[in-house]
Amino acid sequence: MGMKKTEYKSNKNAGIHRWAKSVMPKSAENIADISPVEIEKLIEITEAEAEMKRLASFPRLNPNPIAEVDLMGQIHYLNPAAERLLPDLRKRGREHPWLSDWESLVLNLSDGEEKVTVREVKADVLWWQQSLHLVEEIGQIRIYGMDITKRKQFDEDLRESQCRLEMVLDSIADGFYALDREWHFTHVNDTALRHIGKTRKEILGRTLFDIFPAARGSIIENEYRGVMESGKPRHFENPSLVTGRTLEIHVYPGKDILTILFRDVTEQNRMAAALSNSEATLRGILDASKESIWLFSPDGFVIMCNETALLRFGKSADNVIGKHFNEILSAELAESRLARLKEVIQSAQPIEFEDERGGVIFLNNFYPVINTDGHVYSIACFSRDITDRKQAEMEMKRLNRTLRALSKSTQAMLRATDERIYMEEVCRIILEDCGHAMVWIGFAEGDAKKSVRPMVCTGFDESYLETVNVTWADTDRGRGPTGTAIRTGKPSMCRNMLTDPAFTPWREEALKRGYASSLALPMISDGKAIGALTIYSREPDPFTKDEIHLLMELAGDLTYGIMAIRLRSAHAEAEAALHESEERYHSLFESMTEGFALHEIIYDERGVPCDYRFLDINPKFEELTGLKREDVIGRLVTEILPDEAPKWVELYGDVALTGKSIHFDNYSPVLGRQYEVFAYRPAPGRFATIFMDITERKRMEKALSERTVQLENANKELESFSYSVSHDLRAPLRTIDGFSRMFLKKYGDNLGEDAARMINIVRNNTEKMGGLINDLLSFSRMISNSMSISEIDMDKLVREVWDEIQALHQERELEIKLTKLLPGFGDRALIRQVLFNLLSNAAKFTKNRKPSIIEMSCYSENGNVVYCLKDNGVGFDMAYYDKLFGVFQRLHSNEEYEGTGVGLAIVQRVVQRHGGRVWAEGNVGKGAVFYFTLPQK
C-alpha cells in the first residue's frame, strides 16, 4: 500500500489543539475518512518516530534495539539493546522475523520518493514497530525498533470491546444512536437504522438535522438541548419523525456526547389503554361470574372477592374484605379452610375439593399465586355450585348402568333358548347393573279376575310376591303400578310407597322389606300387554324420564325375546309336526281307503290340454281300478285308456287350467261299481283325483231315503197321537175330576174321613196326569216347531223371567245375583222356556235355604257364550248324572219336591236344536251349577 505524509488538526479534550503528523493510506481523501481510533494510532506512531530520531544519535545508550543492515540483509551493527532483546538476530539474519520480507522492503526504499518507512512485525511473542531509514551514503538501512506489544494488546482489547459494544447495541430491541456536542452521529445500531431507513455510512458523521430536518425547533431539539445543558437524563414520548408512530425516548448525558434510546410504544400504549379498559371489564366479568371468586392471604385474611361470593356469603364487602377466617366463618369451617391454605402453601400446587353446605354441593379450587422469588404470597379460590352437575353425573351413571343392562339383556336375548331362564337372567341383569332392590315379571291372565301370574323374581326378598295378589282389572288390587301398566299399556310408577294411596294394599309388606318405590313397564306384543316388568327400589322417586325410556326399551326387547323363544319353540314343534305329518301323509297315502292319483297335463301348441301323464298312484288306486303302478307311472292316459281319454282330458284339463275343483259321481259299467270322484289342482299344470267306491253307500242312501219316508209318516202319527192326547185323554180326566168334585160337594158331609181322603187322592192324581200330558205335549213341540233366530238381550230376558218366578213365590226370600250377560243368538221364545225351567228348578230346590241365592254369569269360549246358573240348594249326586236330562227322570221324590221330570229334558232339547250343549255340576247339600251354550254370532 502506498503511503503519504499528511498533516491534520485534531480537536481533543475540550478545545486543546494539537498538530499531528502521520502516515495515512493514499486512498484516504481527508481526515474525515479515518476513524478516531486510527487517528490516535497515527499520533502514537508519529510521536514514536520523533522519539527514535531524537535517540538516533545515542544508539548505544538507546534502550530500544537499533540495527544497521546492508541491502543484501547482512547485519553490520547491533546496539546493546538489540543484542539483549534479540539474541538470535545476528545468527539467523534474514531468517529472523525482524528482517522478514527484506527484498520487498529494500525495493520500496530504494525506488520510492520517501527514504523512510514504518512497519510492524512480530518476533516470537513480541510486537515491534520498526522505523527504517535508507542511508544512501553508506548503502545501509538503519532500523529503529520499539516494543509495542502492550499497545497491540491494548488495540486488540479495544477492538474486541468495540465489537462487543456494537454487538450489544445491535442486539437490543430498542433503537440507539449517539450524538456529539455538534449533533454529529457517532454511533447507531441496527434497530435505529431499520427505523430511520438509511445505512450506517449514510448516517455516521452527519448531523441530527441532516438526517431529520424536521427536528429543528421541535420538541426533540428542545429536549436534547435540555439534557446537554442540565446534565440530567430525560424521558418523553413523541411521534416518530419518520413513521409518525409514538416513540418512547430516553436521553442520557455523557462527556461531550448524548446517548439516545427509543422504542415504538404505539401498540404498548394501545394495549395499556385496552388493559385499563380490560381491568374494568374483568371486574365486571368477575362480578357477573356465577362462581364465587376469592383472594386470600397465606395467613387467612380475605383480600378480594366478587359479587357472587358476597351474595352467597350473605354479607357486604365491608364485613368481609380484610377480615380473618376466624372472624367470618364458624370455628370448624375456619379450621378446615386454614388447613387447606397450609396445604397449598406447602406444596405450591393447586388443590381441588368438594363440600356440601345447606344441601348445596360446591367444587372449590385453591390456586397458589407465586411471586418472583418463588413464594406463595396469596391464594385464589374459585367456588362453584355443582349441585346440578352432581345430580346430572348421578343421572348419567344411572343411565350408563341402564344402558349396560340393556346391552347385556340384548346379548342374553340372542343366546336364549329357554323362556324362564331368559327372564331370570334379565331380572338378574337389571338387579345387579342398575342397583335396584327387586325385579319380577308377571303375565296377564285372561280369567274372570284378570289375574297377574308372577313368573320369575330376583331380589332382596322374593317371598314378597306371595303377598301381592295383583290383578290388572280396574279394582283396588289392579290400580297399583303393575296392574295399571298392563291395563293401560304405559309405564306406571309408585314414586313413594309411604304416601301413594294406590299402593295401600301392598304398603305394609313392602315397607317391611325396605322398598320405597316401584316402576312397572308393560310388555307389549301385537299392540297388547301380555304382562309387566316391575322394578322395586329402596329410594323414593329414583326413576328419571331418560332411565324410564331406556327401561321401556329393555322391556320391549324382553317381550320380543320371549315371543322369539316361543316362536322358535313353535317353529320347532311345527317342524316336528310337519315331519310327523309327512310320515302320516305317507302312511295315509299308503293306507287310505280312497284311490289317489297325481297327474301332469299335456298341452298342444295352442295351449289347450290334449293329454295327461300319471305321476303317482296309491295302492288303493290299483285295487279299485285293476291298473298296476308299473303300468301307469310316467305314461299318458291316451296310452292306457284310449277310448275314454278325450272325456277325461277335457274334464280334468279345465281343473288344471282354472284351479276350480270338481266333485262328481261316476258309474263304471265295466266294473259295475259306483264311484265318487273329487279332482283339484295342487300346483299349476297338475291335478289330483281322489275317488272311492260308493256302491254300498248309494245302496244305503236309497235305504235311508226309504227310512226317512217311514220316519216322516211316524212323526205325523206322533203328531196325531199328541193331538189325541191333548183332546181325547184330557176329556176323561176333566170328567173324573169334575164328578169327584161334585161328589165331595154333595156327599162330603156324609162320607167318612177315609172315603174323603181317597176321593181327594183321585183328584190329585187326575191333576198330575194333566200336568204330565201338558209336559209331554211341550216336549213333542220342541221337535216339530220351527225356530226364528235373532240376537237375544239375555240381561233383559233373564230379568223378565225372574220377575215372573218371584211373583209365584212371593212368600219366599229369593235373591238373584246377575253379572253383565253377553247377548246370544237363538229363538227367543224357546230360550225363554230354557231360562224359565232352569230358574224354576233353582227356586224349587232352594226352598229350604234362607236366603235362597241364585247367581247367573257368562263367558266367551270358541265362538260361543257359556251361561252359568248357580244355586245354593240341595244339589244332586253326580253318580246319577245320566238321569238328569231324561224324560220323566227324577232324582228326588214327589213328596220332597214336586215335578214331572220333563223340564230338564226340554232344556236339553232346545239347546241342542240351537247347536249348543248343556251340562251340570252338583254336590249333595251344596247346590248345583247348570251350564248351557248359545252361538255368539
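Buried means under 20% relative accessible area, exposed over 50%, and partly exposed in between (1.4 Å probe, protein chains only). The model is predicted: local features need pLDDT of at least 70, side-chain atom pairs count only at pLDDT 80 or more, and totals for chains, interfaces and linings use all residues. Residues are numbered from 1 along each chain as its sequence is written, and side-chain values use heavy atoms, with hydrogens and water left out.

**First stop**

Select Phe296. Its relative accessible area is 6%, so Phe296 is buried.

The structure holds 25 aromatic pairs. Rings of Phe, Tyr and Trp (its six-membered ring) pair if their centres lie within 6.5 Å; planes under 30 degrees apart are stacked, over 60 edge-to-face, the rest tilted. Phe296 and Phe325 make an edge-to-face pair, at 4.9 Å centre to centre and 90° between the planes. Phe296 belongs to strand S13 (residues 292-296) and Phe325 to helix H12 (residues 325-328), so the pair ties together parts 29 residues apart in sequence. Helices (H or I, at least four residues) and strands (E, at least two) are DSSP runs, numbered from the N terminus.

**Second stop**

Select Phe876 and Phe930. Their ring centres are 6.4 Å apart with planes at 45°, so this pair is tilted. Phe876 is in the loop between strand S32 (864-871) and helix H28 (903-913), and Phe930 is in strand S34 (residues 928-935), 54 residues apart.

**Last stop**

Select Tyr612, Phe614, Phe621, Trp648, Tyr652, Phe664, Tyr675, Phe687 and Phe691: ring pairs link them into a cluster.
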